[in-house]
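Colleague: Could you take a close look at one part of this model for me? Pick a spot, walk me through what surrounds it, and spell out your cut-offs as you go.

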Amino acid sequence: AACSGNQAMWFVSAAIMAGSASEGLLLAALGNCEESAVKAAFAKVFPNRRAKLVAHMTYDEMTDVASELGLLLSGTRYFSRGIKDFRNLVHPELELREGASITPAAAEMAIKSVLLVLHDLAFSFSTPVVRDEHRHA
């Protein structure tokens with residue numbers, strides 16, 4: 001039997017929410033860091049930009065600063081960037097105008113990227129040692 005539109009499009013909602021969830025996790029994690037440390041990391045990553053409050057950072061800025069602070073592995077940082085734009089598809093006209101589409105496979109990737117961010121953040125806050133990029137091996 002054919003699915004109705006609402007049942008067949010579950011994955012669009014999942015992908016949109018994954019982008020938002022990832023951003024929320026980064027906001028919370030960076031908000032738990034000392035402001036001076038966040039500003040120093042921002043200055044190191046973006047030497048030609050004026051420092052911003054965490055709440056005013058773009059998603060890419062948050063991932064770069066979190067990576068610089070050792071909260072995210074570089075692989076997670078790059079992988080999670082792909083989902084940030086899914087958040088914007090909450091506006092149906094954008095999806096129509098740009099011809100954007102989300103497949104079930106893309107939604108699964110978006111959800112898994114949130115899990116990667118969550119894993120890295122949980123690990124970074126649960127251990128006092130400096131993180132090692134090879135700890136997953």
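Modeller: Let's start with F79, which sits in helix α5 (residues 74-81); helices here are DSSP runs of H or I with at least four residues, strands are E runs of at least two, and both are numbered from the N terminus. Keep in mind that this is a predicted model: local features need pLDDT of at least 70, side-chain atom pairs count only at pLDDT 80 or more, and totals for chains, interfaces and linings use all residues. Residues are numbered from 1 along each chain as its sequence is written, and side-chain values use heavy atoms, leaving out hydrogens and water.

F79 has a relative accessible area of 32%, so it counts as partly exposed; that label covers the range between buried (under 20%) and exposed (over 50%), with a 1.4 Å probe and protein chains only. Together with M109 and L116, F79 forms a nonpolar surface patch of about 240 Å² accessible area. Those areas come from Shrake-Rupley with a 1.4 Å probe, and for residues only the protein chains shown count as cover. Patch members need over 30% relative accessible area and no salt bridge; like charges are joined within 9 Å, and nonpolar side chains (Val, Leu, Ile, Met, Phe, Trp, Tyr) within 5 Å. A salt bridge means a Lys or Arg side-chain nitrogen within 4 Å of an Asp or Glu carboxyl oxygen.

Now to α4, the part I'd really zoom in on. Eight of the 10 residues in α4 are buried, among them Y59, M62 and A66. The buried residues of α4 pack against α5, along with α2 (10-31) and α3; contact means heavy atoms within 4.5 Å.

The axes of α3 (residues 35-45) and α4 (residues 59-68) come within 9 Å and cross at roughly 105°. Axes are lines fitted to C-alpha atoms, for helices over the stretch in contact, and angles run from 0 to 180 degrees between N-to-C directions. The two helices, α3 and α4, are therefore roughly perpendicular; that class spans 65 to 115 degrees, with under 35 roughly parallel, over 145 roughly antiparallel and the rest oblique. At this crossing, V38, A41, F42, K44 and V45 of α3 meet E61, D64, V65 and E68 of α4. Just past α4, G70 takes a positive phi of about 85°.
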